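Q: Hi! I'd like to walk through this structure with you, bit by bit. Could we start with the strands?

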Amino acid sequence: MTGQAFFVLTALADGPRHGYGIVREVVELSQGRVKLKIGSLYGVLDRLSADGLIEPDHEEAHDGRLRRYYRLTAGGRRALAEEADLRAASAHVVRARLGLTGPEAAGAAG
Amino acid sequence: MSGELDLEQRYRRVLRLLPRYYRDQWEEDMVAAFLDGWLTGDPDEDSVTMEYDRPTRGEIVSVIGLAARLRLGGTGAPRRYFAWGQAVRNAVLGVMLAHAVWGLSQLALFARSRHLIGWLPPPPGGFWPTLGYAIGYAWVVVFVALVVVEYRTARVGAVLVVGATVASVVHQQLAGTLASPAVTWAYTAVIDVGPVLAMAAFHRDAPPVRRWPWLLALPAWYLLVSVPVLAAELSGHSAWVPDVAGRCCLLLSLVCLFQAARVWSGRAGRGVGSLTLLLLAAVTGFYRVITLPIFAHDPHLIMVGLAELLILAVAAALVVPDAVRSQTAAPASPAYQELG
């Protein structure tokens, strides 16, 4: 799973969002590191939709235009959880290699 | 006139780069999301924004990237776009294979410089000739990286090679040693830069390359074509040997004839192979045309070049109906298809 797809799924984890809402949420979640352009966002949404990880939720009229909201599917929630575990495990290994885990590191940090 | 368009219309014009099937599904949503990022809700401010602002370069580039991925489709793409994607990927591999064969020839010259092969003429020394050899070796690396699906390595290598090639051409032009600047620049643009840009077709959705046929094609082409030609040139019996463009025309014509025979016998695929050959024929034909003026002093050689072009055109014409079929054949799941 790409970093962009990971953040888009995470942005939808707490409820449905429309396209620009996802862009804003991803900026916040990534602390400004990931700023999705619209072309990139819909490339990711198209792929996630084709993989059955997200689906349209509902549409709302806003300033004469329809905003389409997307939500995670059950499969998307599962895939996101698995990816989060994978990334956490990788981070744990890296921290261990750097000596940043365990009581010694905690003591050193304290 | 573009001056009369507002921001929404300008963005919709950019979105026309996307295939229609994709726009039918996503365009309205993309426009809404795009405008959400611009409009503030203040009528006066929004009016000015709509009238004078334009999609940023980053937004346009993101749409171009998406369009390239969709039009040069991979696994799961509609049949027509999948066929174009496969054909472009195969054609890029074909051009990279030709570059790699040339790189192997450079390796032979390098071996001569180390006195490993006594019967080859020694290569000239100096920075720029050495850079030329480095470019040759690098094409081999780029080709192999593409075949073994190391796309990032292949792209970085290809960009470096093209950069070095352009630098070398500029140096030759400034030094006044470039015999035919127009021919050289046309070659660089179409044979070097074009295929590197077309490497965009090797995206995440592209199915994996069939490694062994491509990997075996490299030594096969080198041993069966390049080595005999080199031997003929060194033995002084090269008058009958076509130049590189001519050899490419004849070799590709043979492949087209082979493909036509497969089509007639019903053993061809769904037209992707023929579409690939048409793309390669266009590139090779262009190569033959731009190199013809080199023979301006010899009408006989011009006639030979035109004959090579004619043979290629006739051979390519034989596979046109099958190539057209790739655009009209019934959709089929491409999930497990590989390049080939």
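A: Happy to! In chain A, β2(A) and strand β3 (residues 65–72) are joined by seven bridges and run antiparallel. Keep in mind that this is a predicted model.

Q: Which residue in β3(A) does H62(A) stand opposite?
A: H62(A) has R65(A) of β3(A) opposite. Further along you can find E59(A) opposite R68(A) in β3(A), and E55(A) opposite R71(A) in β3(A).

Q: How many residues sit between the strands in that hairpin of β2(A) and β3(A)?
A: Two residues lie between the strands, and in this hairpin D63(A) takes a positive phi near 55 degrees.

Q: How many bridges pair β1(A) with β3(A)?
A: Two bridges, in the antiparallel sense. R17(A) has Y70(A) in β3(A) as its bridge partner.

Q: Now the helices of chain A. Which residues in α1 (residues 3–11) are buried?
A: In that helix of chain A, the buried ones are A5(A), F6(A), F7(A), V8(A), L9(A) and A11(A).

Q: And what covers them?
A: The cover over the buried residues of α1(A) includes the strands β1 and β3 of chain A, along with the helices α2 (19–29), α3 (38–50) and α4 (74–97) of chain A.

Q: I clicked on Q31(A). Where is it?
A: Q31(A) is in the loop between α2 and α3 of chain A. Its phi is near 55 degrees, which is a positive value in a residue other than glycine.

Q: Is Q31(A) buried or exposed?
A: Q31(A) counts as exposed because it has 7 C-beta neighbours inside 10 Å. The cut-off for exposed is 12 or fewer.

Q: Let's switch to chain B. How many helices and strands are there?
A: Chain B has 13 helices and zero strands. Along its principal axes, the C-alpha trace of chain B spans about 80 × 55 × 40 Å.

Q: What share of chain B is buried?
A: Of its 340 residues, 31% count as buried. As for contacts in chain B between residues at least 6 apart in sequence, 74% of them join residues at least 24 apart.

Q: How is chain B divided?
A: Into domain 1 (2–68) and domain 2 (72–328). The C-alpha centres of these two domains of chain B lie 39 Å apart.

Q: Can you show me how two helices pack?
A: Two packed helices are described by the angle between their axes and the distance between the axes. In chain B, helix α1 (residues 7–15) packs with helix α2 (residues 20–36) at an angle of about 140 degrees, and their axes are 10 Å apart. The crossing of α1(B) past α2(B) is right-handed.

Q: Which residues meet there?
A: From α1(B), E8(B), Y11(B), R12(B) and L15(B) meet R23(B), E27(B), M30(B), V31(B), F34(B) and L35(B) of α2(B). Sorted by class, this contact of α1(B) with α2(B) has six nonpolar, no polar and four charged residues.

Q: Where do the two chains touch?
A: There, 18 residues of chain B contact 17 residues of chain A. On the chain B side, α2 and α4 (57–71) each supply at least two residues, and α2(B) gives the largest share, nine residues. By class, the side of chain B that touches chain A has eight nonpolar, five polar and five charged residues.

Note on methods: Residues are numbered from 1 along each chain as its sequence is written. Chains are lettered from A and ligands numbered from 1 in the order in which they are written. This is a predicted model: local features need pLDDT of at least 70, side-chain atom pairs count only at pLDDT 80 or more; totals for chains, interfaces and linings use all residues. Axes are lines fitted to C-alpha atoms, for helices over the stretch in contact, and angles run from 0 to 180 degrees between N-to-C directions. Helices (H or I, at least four residues) and strands (E, at least two) are DSSP runs, numbered from the N terminus. A crossing is left-handed if the near helix is turned anticlockwise from the far one by less than a right angle, and right-handed if clockwise. Two residues are in contact if their C-beta atoms, placed from the backbone, lie within 7 Å. Ala, Val, Leu, Ile, Met, Phe, Trp, Tyr, Cys and Pro count as nonpolar, Asp, Glu, Lys and Arg as charged, and the others, Gly among them, as polar. Two strands pair if DSSP finds at least two bridges between them. Domain bounds come from an automatic or database domain assignment. A residue is buried if 20 or more other C-beta atoms lie within 10 Å of its own, exposed if 12 or fewer, and partly exposed in between; C-beta atoms are placed from the backbone.
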